[in-house]
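Subject: Structure handover

Hello,

Please find the structure below.

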Amino acid sequence: MSRPLTLALTKGRILKETLPLLARAGIEPLEDVSASRKLVFETTLPGLQLVIIRGTDVPTYVRHGAADLGVVGKDILLEQGADGLYEPLDLNIARCRLMTAGPVGWQRGGARVRVATKFVNVARRHFARQGLHAEVIKLYGAMELAPMMDLADLIVDIVDTGNTLRANGMEPLEEIASISSRLVVNKAAMRAQHGPIQKVVDNIAAAVAAAEAA
Ligand code: AMP
């Protein structure tokens, strides 16, 4: 018998949208994940277990083969790169945009711009493409605070409704990428366990198609 497959899920907002999709694919945790402090869950699909972790850690688990598959936001894949990963499926959930944003009415002064973000690689690439030298300042949260406190001129962040920006006197400027959650697969596992992994991918693909048709 082959060893169990592990699917790493991103906790939080993405998890809320992932679980109904997995249920449609016949994959349900055997206990209520929101009522448990556990990190590993058996599922209704024999031979498939879930681990529930931070989004930024999902590519690491899958890249190293500690998890065979993962669900993660495209923003994180753009930031970290997708070495060692296949990205077979756009799950079409947790849609949002990765954007630059600035204080309402902000005008660029010179060729230099200070940018606060947790997406430092994405931000550097974006401003380099425009021929601008960005001083990129890494933050772990509350990006909107940085221009207010004159730590940065602009931010690069995820925008959904734009309410967080507006509540802090900011406006969205340029869209860098359209974001949704993706299914990723470890490349070596895809070769070694092709049959069982492809079956999981196909089941989830059918669930995505059914959700889109609904
Ligand atoms: P909003 O005020 O609706 O524009 O939401 C903005 C905040 O919600 C961002 O700063 C993100 O931290 C978070 N957010 C919105 N959509 C997503 C998503 N799909 N994945 C992760 N975080 C999100």
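**Salt bridges and sheet**

Glu 135 counts as partly exposed, at 33% relative accessibility (buried means under 20% relative accessible area, exposed over 50%, partly exposed in between, with a 1.4 Å probe and protein chains only). This is a predicted model, in which local features need pLDDT of at least 70 and side-chain atom pairs count only at pLDDT 80 or more, while totals for chains, interfaces and linings use all residues. Residues are numbered from 1 along each chain as its sequence is written, and side-chain values use heavy atoms, with hydrogens and water left out.

The side chain of Glu 135 meets that of Arg 112 in a salt bridge, 3.7 Å from N to O (a side-chain nitrogen of Lys or Arg within 4 Å of a carboxyl oxygen of Asp or Glu). Arg 112 is in strand E7 (residues 112-117) and Glu 135 in strand E8 (residues 133-138), 23 residues apart. Helices (H or I, at least four residues) and strands (E, at least two) are DSSP runs, numbered from the N terminus. Arg 112 is exposed, with a relative accessible area of 54%.

A search of the whole structure finds nine salt bridges. In another of them, Lys 74 pairs with Glu 87, and the closest N and O atoms are 3.0 Å apart. Lys 74 belongs to helix H3 (residues 74-80) and Glu 87 to strand E5 (residues 85-90), 13 residues apart. Lys 74 is buried at 18% relative accessibility, whereas Glu 87 is partly exposed at 32%.

Arg 182 and Asp 90 also form a salt bridge, at 3.7 Å from N to O. Arg 182 lies in strand E11 (residues 181-186) and Asp 90 in E5, so this pair ties together parts 92 residues apart in sequence. Arg 182 is buried, with a relative accessible area of 12%; Asp 90, at 31%, is partly exposed.

Now the sheet. Six strands form an open sheet with mixed pairing, in the order E2-E3-E1-E4-E11-E5 (two strands pair if DSSP finds at least two bridges between them). Its edge strands are E2 (40-42) and E5, each pairing on one side only. Strands E1 (residues 5-10) and E4 (residues 69-73) run parallel and are joined by two bridges. Ala 8 has Gly 70 in E4 as its bridge partner.

Regards
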